[in-house]
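Please look over the structure shown here before reading on. The briefing that follows is written for someone meeting this chain for the first time.

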Amino acid sequence: FTTLGNKTQIDKKEEEEEVKEEEEVKEEIIEPERPEFSENTYQDVKKDDWYYEAVKYAYENNLMQGTENGFEPEEKMTRAMLVTVLYRLESPIQKSQTSEFADIEEGAWYEESVLWAAENKIVTGVSDTEFAPNQELSREQMSVILYRYANFKGINTEAISNLDEYSDREEISDWAIEALGWANSFELINGIGDNELSPKASATRAQIATIL
């Protein structure tokens with residue numbers, strides 16, 4: 001081979017290939033421009049709804065998508081839905097390894113999200129072999145997942161509210177007290193009527209959009 005200044009032709013070829021690979025990666029992560037959000041985007045999200053701005057944010061940042069029935073703000077949030085939201089928020093370039101969960105179908109819309117969340121210990125399975133992607137999330141379960149994601153991102157999670165002021169404090173599971181206290185201290189999860197946290201109530205898509 002011949003030299004080109006201080007570089008060989010082989011060195012130059014390798015550099016060109018590296019630049020080409022970097023450009024290909026950039027092309028992969030560029031999101032297509034989305035139409036401007038309005039109250040006509042989803043038939044079930046109007047400007048006077050309390051969650052309008054939250055849904056607008058989630059839509060414009062490609063964190064949550066609608067369904068054939070609209071946005072479905074009161075639809076219950078599932079484990080697969082939430083990890084997919086966090087996966088989009090993180091936008092990891094490197095793909096995760098093969099799943100050990102028997103109930104995660106290859107090619108499912110949530111497959112990559114579940115693999116990523118499990119690999120980073122943001123969400124664990126309901127057992128060693130089951131993830132239960134379609135299982136609905138309670139408010140306290142949602143808090144734990146968000147708490148783990150915050151730790152994953154290196155966010156300070158030391159601030160924890162004393163939840164004794166809530167009338168249903170005793171209903172909170174022991175494993176969720178710290179996470180729910182953190183979420184409450186940052187006003188991510190507040191009381192709903194009669195000064196209750198409703199830890200066992202199902203989380204909704206509108207609530208997740210508001211937290212985002």
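**Briefing**

Helix 4 is followed by lysine 121, which has a positive phi near 60°; helices here (H or I, at least four residues) and strands (E, at least two) are DSSP runs, numbered from the N terminus. This is a predicted model, in which local features need pLDDT of at least 70 and side-chain atom pairs count only at pLDDT 80 or more, while totals for chains, interfaces and linings use all residues. Residues are numbered from 1 along each chain as its sequence is written, and side-chain values use heavy atoms, with hydrogens and water left out.

**Overall make-up**

- The chain has seven helices and two strands, and from the N terminus on its elements run β-β-α-α-α-α-α-α-α.
- Of the 212 residues in the chain, 37% are buried, where buried means under 20% relative accessible area, exposed over 50% and partly exposed in between (1.4 Å probe, protein chains only).
- The chain exposes about 13,200 Å², of which carbon and sulfur atoms supply 44%; accessible areas come from the Shrake-Rupley method with a 1.4 Å probe, and for residues only the protein chains shown count as cover.
- Among contacts between residues at least 6 apart in sequence, 67% join residues at least 24 apart, a contact being heavy atoms within 4.5 Å.

**Confidence**

- The mean pLDDT of the chain is 86, with 83% of its residues reaching 70 or more; pLDDT is the predictor's confidence in each residue, from 0 to 100.
- Confidence is lowest in strand 1 (residues 3-4), at a mean of 47, and highest in helix 6 (residues 177-185), at 96.
- Over residues 25-30 the pLDDT is below 50, and this stretch has two contacts in the model beyond near neighbours in sequence.
- Where pLDDT is low, the predicted coordinates should not be read in detail.

**Helix 4 and its packing with helix 3**

- In helix 4 (residues 111-119), the buried residues are Glu111, Ser113, Val114, Leu115, Trp116 and Ala117, and what covers them includes helix 3 (79-90) and helix 5 (139-152).
- Helix 3 and helix 4 pack at an angle of about 80°, with their axes 8 Å apart; axes are lines fitted to C-alpha atoms, for helices over the stretch in contact, and angles run from 0 to 180 degrees between N-to-C directions.
- Helix 3 and helix 4 are therefore roughly perpendicular to each other, given that angles under 35 degrees count as roughly parallel, over 145 as roughly antiparallel, 65 to 115 as roughly perpendicular and the rest as oblique.
- On the helix 3 side Val83, Thr84, Leu86, Tyr87 and Glu90 take part, and they meet Glu112, Ser113, Val114, Trp116 and Ala117 in helix 4.
- By class, this contact of helix 3 with helix 4 has six nonpolar, two polar and two charged residues, where Ala, Val, Leu, Ile, Met, Phe, Trp, Tyr, Cys and Pro count as nonpolar, Asp, Glu, Lys and Arg as charged, and the others, Gly among them, as polar.

**Tyrosine 87**

- Tyrosine 87 lies in helix 3 and counts as buried, at 14% relative accessibility.
- Leaving aside its neighbours within four places in sequence, tyrosine 87 is in contact with Pro92, Lys95, Glu112, Ser113 and Trp116.
- Tyrosine 87 and leucine 115 are 28 residues apart in sequence and, C-alpha to C-alpha, 9.8 Å apart in space.

**Helix 5 against helix 6**

- Helix 5 and helix 6 pack at an angle of about 75°, with their axes 8 Å apart, and are therefore roughly perpendicular to each other.
- The contact is made by Ser143, Val144, Leu146, Tyr147 and Ala150 of helix 5 together with Glu178, Ala179, Leu180, Trp182 and Ala183 of helix 6.
- By class, the contact of helix 5 with helix 6 has eight nonpolar, one polar and one charged residues.

**The loop between helix 6 and helix 7**

- Phenylalanine 186 is found in the loop between helix 6 and helix 7 and counts as partly exposed, at 46% relative accessibility.
- Not counting residues up to four places away in sequence, phenylalanine 186 touches Asn156 and Ala159.
- Most residues other than glycine have a negative phi.
- Glutamate 187, in the loop between helix 6 and helix 7 (205-211), has a positive phi near 60° and is exposed, with a relative accessible area of 60%.
- Serine 198, also found in the loop between helix 6 and helix 7, has a positive phi of about 50° and counts as buried, at 15% relative accessibility.
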